[in-house]
Each structure stands twice: as structure tokens, then as C-alpha cells.
Amino acid sequence: MTGPAILLLLAGLGAIAWVSARARALRLAGVARASGRRDAVHSLPGYHGWYVALWTLIPAGIFLAVWANVSPGLVTQSVLADPAAQSLPMDGFSRSAILGEARAIATGAQAGAFNPAANALVEPYRTALSHYGIAGVVLALVLAFAGGAYAFTRVRPDFRARTRVERLVMATLLIASLIAIITTLGIVASLLWESFRFFSMVNPIDFLFGTKWSPQSAAMGYGNEDAFGAVPLFWGTIFIGAIIAMIVAIPLGLMSAIYLTQYASPTVRKWMKPTLEMLAGVPTVVYGYFAALTIAPALRDFAVMIGIHGASSESALAAGLVMGVMIIPFVSSMADDSIAAVPQSMRDGSLAMGATTSETISRVLIPAALPGVVGGVLLAVSRAIGETMIVVMAAGLAANLTLNPFASVTTVTTQIVQLLTGDQEFDSAKTLAAFALGLVLFIVTLLLNIVALRVVKKYREAYE
């Protein structure tokens, strides 16, 4: 039985348990009311139904989750105990490859075997998968019936089913809220641990203030000195994501939001706002192709035309311009919502005092909507800093410290991908440098959020 079929079967059992428990609770509540004991009924029948249904589903669901991780090992042990597995090579890598191939054929994921030794293990794998699959389904059904029967016996008018169900709901919400916190702590812990290993090999001062980035030379045995200066990467990230892209995104995004909220007719706004927000849904690789095949050659030809020699077809300007277009919806959408949320009475009062529409926008609406605008800009900056594909395809991989927008530069995220691509040894400074770069990027983003919150707090005003 496949996984979806098992889940569908359990869902059906849960539905039957809910209906049965609710019907029993209704009948017992009717008997209690008929005998004049109205105070004896504590919970609505629906809570009794959910109580029994949860006892039917949760134990079986937990067992299936555990079984999905335990059964592959049991299946492998069963196959290795088969006489056909006695001829397997002792080398761990070869043995794992043969077992994986046999398992793929047994499950139907692969049609034939490249290694003839895998064919002998296909039938043992099918037998073991069938046996342990049936065992898992039977045990899950036993747990579902046992849990449902136990809960069903507790259905009575004075049973506090509502309290039990609401406690479970509260625990579920608490776990869901803790997932983000635990995930963040795990990310920070992993970054700190691997970064500590990196800084035990490389001087932090050289890393943070060095101007030469050449991790490949360190991997080739030329030493870690003057190989991990990350200033060119920091500058490339700022140059592309926080300067060029923002020069494009902030004015265009803000002006489009002003037009849509203050000047556009309802029909125009109905069509233009979704069209503008569609830019956020375009895959970044499409932007990368557009930047590499259209924008970058055009900028190179333009640079040559105005007398700038040595302009590269991979440039910071090409990546920044396309990235700025990509993040326009982040600025525009937040600014649009913030401006639209300003009370109409403030706009009417400004116009009644004799201010023009443009003066009302610049002196009343924009200051009032500033927290939302800052939030949109912050979101756009964070999106631009974390972008990789456009930089790889349009700006290149060269770590240059330059002010020339027509030159090739790279960013922190691009180097992280490059350092972790392929088979890497996690005991070398070259690979661990990716975690140090990630830690710096995390700290910068955190500080950026803190500064933005202080700006928002300073300029926020309360309107009735």
C-alpha cells in the first residue's frame, strides 16, 4: 500500500471516529437533559468528535513518521541477511551503490541494472519491502483503532473534551511558532561554529579588511595569507544590490505607487497593479538571461561609443539595472498599501487648505506613509543583497574593487555558491569561508533591520 493510500485510509478512520463520537455525545447529552441534569453536559458534541478523531490519527501518524525512517534500515538488514547478498564486495562504496541500484529497480524507479550483482538482490528487496510495508500498515491501523477505542470509552456528558482539544490546539500553535525561532537559532549556531573554524585558520582582520580575494590560491597550497580579503565581495554586494538596484527600484517603485493611488482611474489601477506585481513572480534565471543577452551587450556597446575602453560584457551596471527592475514590486506594493492606508481626511484637509495635489503627496501622504515605504525599501534591499543568479550571469565572478560600473564584479552570495559547489572538503579554509561570508551577511541584514525599525519608530504617527 502506497503512502497516499495509507494517509487516505487514516483520514477515513478519523472521519468515522469523529462522526461516531459526535453521535454518541449527542445521544448522551439528550439523555442527560431529559433527566434534568443540564449542568452535567460540559462540552459540545463536536469537541467529543474531535477528541476521538485526534486520538485515532495522532498515534498512528507519529508511528508512520518514525516507521518511515526506521524501515529502510530494517529492509537493508533483511536483504543483507539473504544468501544472494553474500557475494557483495566488501568495499562500502561499491556495496552501497549495488544496494541502491537494486532498491531502485525493486521500487520501479529504475528499469535495469548497470551492475549485474544488483539483479540478484531485486527479489529480496521486493520481498523485504512488501513485508515491512504490510507490517507498518497493520501496526498503524492497530494504533489507530486502539487510540480511537480508548478515546471513545471516555465520551460522556461530564467529560471535558473541549479543554483537552483546546490544549492540543494551543500546543500545536506553540510548536508552530517555535519552529521559526528554533530554525533561526540552528542557522546562527551552524554559522558561528563553522565560522569559528574558519577564523582559527584565517585572521579575522585580514578577512574583514583585506582587499584580495583568491581562495583558489589557498586551496592550491600557497597559504591563507592575502587570499581571503572579503572587501571586494562586500563592495560588490553594496555596489550592485544597495546602490545601482536601489537607484532604479526606489524612484520607479515609489512613483508607480503614487500614480496608482492618487492619479490612476479604478480601471487603470485594476490592470496595472497586478501587472506590476507579476514582475516579482518571474524566475530570477529569466532576469539573468535578459541581463546577460540583452542589457549587458547593449551597455558594453554604449560604453565603447562614449569612449570607455575595456568595458566588460559582464558588468555591475547590467546586473544592478535588471535587479532593480526585479525588485520594483517590493517597493511599489508596500508603498501603495501604506499610501492607501493614510486617512482620506488628511488628504482632503490638505487640499482644503489650498495645497496642490503634488504638495499634498510630498508633504502629507509620503511622510504619513513613511514607515510602510521604509519597510518596502528594506524588503527590496534584503532581496537584492541575497540575489545570486543575476549576478552570476550578468556581473561575473571576478572579485574586483572598483568604482567602474562597466567592470565585472561579484557579490557575497555568488561566492558562497561558488565555494560550496561540487565535492568540497569541509576542513579547508576555502570551503569554510562560505560560512564566514554567510555570518557577515546575516549580521549586516540584522543591523539593517534594526536601523529600519528605529527609523520607523521615530517617524511613525498615530492617526484616528
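Author: Contact means heavy atoms within 4.5 Å. This is a predicted model, in which local features need pLDDT of at least 70 and side-chain atom pairs count only at pLDDT 80 or more, while totals for chains, interfaces and linings use all residues. Residues are numbered from 1 along each chain as its sequence is written, and side-chain values use heavy atoms, with hydrogens and water left out.

Reader: Which residues is Trp 213 in contact with, leaving aside its neighbours within four places in sequence?

Author: Among them are Phe 207, Phe 228, Leu 233, Ala 399, Gln 415 and Leu 437.

Reader: What makes Trp 213 part of a nonpolar core?

Author: A nonpolar core is a set of buried (under 20% relative accessible area, 1.4 Å probe, protein chains only) Ala, Val, Leu, Ile, Met, Phe, Trp, Tyr and Cys residues joined through side-chain atoms within 4.5 Å. Trp 213 belongs to the largest such core, of 58 residues, and is one of the five that touch the most other members, with Phe 198, Phe 207, Phe 228 and Leu 437. Helix α19 (residues 429-459) gives the largest share of this core, 10 residues.

Reader: Why is the crossing of α9 and α13 called right-handed?

Author: A crossing is right-handed if the near helix is turned clockwise from the far one by less than a right angle, and left-handed if anticlockwise. The axes, lines fitted to C-alpha atoms over the stretch in contact with angles from 0 to 180 degrees between N-to-C directions, come within 8 Å and cross at roughly 40°; the crossing of α9 and α13 is therefore right-handed.

Note on methods. Helix = DSSP H or I, 4+ residues; strand = E, 2+ residues; numbered from the N terminus. Buried < 20%, exposed > 50% of the residue type's maximum accessible area, 1.4 Å probe, protein only.
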